[in-house]
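Biologist: Let's go through this one together. Ready when you are.

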Amino acid sequence: MLRHVIPPARFFSQVSNEIIRHPRLSSDAVRLLTWQLSLPLNAEESLSRTATRAGIKKGAFLRAKGQLKAEGYVHEWRQQGVRGLWSTVQLVSSVPLSEAEAAAVRGGGVPVVAPAVTSPAAGRPTGRAAGRHPENTPKGNTSHHQEPDAACDAAREAVTDLHHLDRRLRVPRGMLPQLATLAAQWLARGHTADGVRTEIRRSLPATDTCIHSPGGLVRYILREPPTTQLPRPAPVPRVAQMRECESESHIQPLLFRPTTDETTCPSCTAAQDSLTPERNDRR
């Protein structure tokens, strides 16, 4: 078994292996839980809304929610408001919590979680802490949003507004971070943002071919950056930078390289300058 893993540099969430490898949680339950844990702390998104965004159908959502509640990762309370309206309060935790521990977290307490009563997913039961800071301060910036740098800006520039290159490249905005990560690998090997966009345009199919998955195609094109530089555009021929002398003193057309906006070659210009004093004297 071969694995190729690139640690993300930004916009990632830390999820324990106990959740990923949990033997009693279905794939929908794990996806629902990890999606909720990846949201900012102040995000007010219900489990049903997350299931809709994740493409989980109603029946699968109810089963996944039941599994998460049974394992202690999700807790719910019904409460009545001032006008008599009922609402549901949901608590999602990264560790299993009992009813008493969940109630303490809801009330703002700092409970110390004892080993789970249910059989653990992997390893021995260990004590857990909920609602308090870790004992060791994590190093570096572990927030969802990091300060952008020049490399990140160039990588995002390379994959943004690709429909300007070709109208068929309507890439979903949700795929832009993934494509920017791939573009950053190209930039790390010495390529430029314009070079990456040139490679994308060059690798597109014929113009009469429909592209059903633009994001997947761009991801395939950028999957592995070449070890050598992309071919640079051909240099502009020197003759393209030259201009024909407009003086009538030449038998055949004469080309010269202007320095500014002059219309005659240096010889004709010097001859005209030398005649100027004589004309002024005659006047």
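Modeller: One term to start: a charge sits over a ring if NZ of Lys or CZ of Arg is within 6 Å of the ring centre and within 35 degrees of the ring normal. This is a predicted model, so local features need pLDDT of at least 70, side-chain atom pairs count only at pLDDT 80 or more, and totals for chains, interfaces and linings use all residues. Residues are numbered from 1 along each chain as its sequence is written, and side-chain values use heavy atoms, with hydrogens and water left out.

Biologist: Which residue lies over the face of Tyr220?

Modeller: Arg223 does, at 3.9 Å from the ring centre.

Biologist: Switching to the loops. Where does Glu45 lie?

Modeller: Glu45 is in the loop between α2 (27–38) and α3 (47–54). Helices here are DSSP runs of H or I, at least four residues, numbered from the N terminus.

Biologist: Does Glu45 count as buried or exposed?

Modeller: Buried, because its relative accessibility is 17%. Buried means under 20% relative accessible area, exposed over 50%, partly exposed in between (1.4 Å probe, protein chains only).

Biologist: And what does its side chain make a polar contact with?

Modeller: The side chain of Arg53, at 2.6 Å. A polar contact is a pair of N or O atoms within 3.5 Å; within protein, one must be able to donate a hydrogen and the other to accept it, and residues adjacent in sequence count only if both atoms are side-chain atoms.

Technical notes. Helix = DSSP H or I, 4+ residues; strand = E, 2+ residues; numbered from the N terminus.
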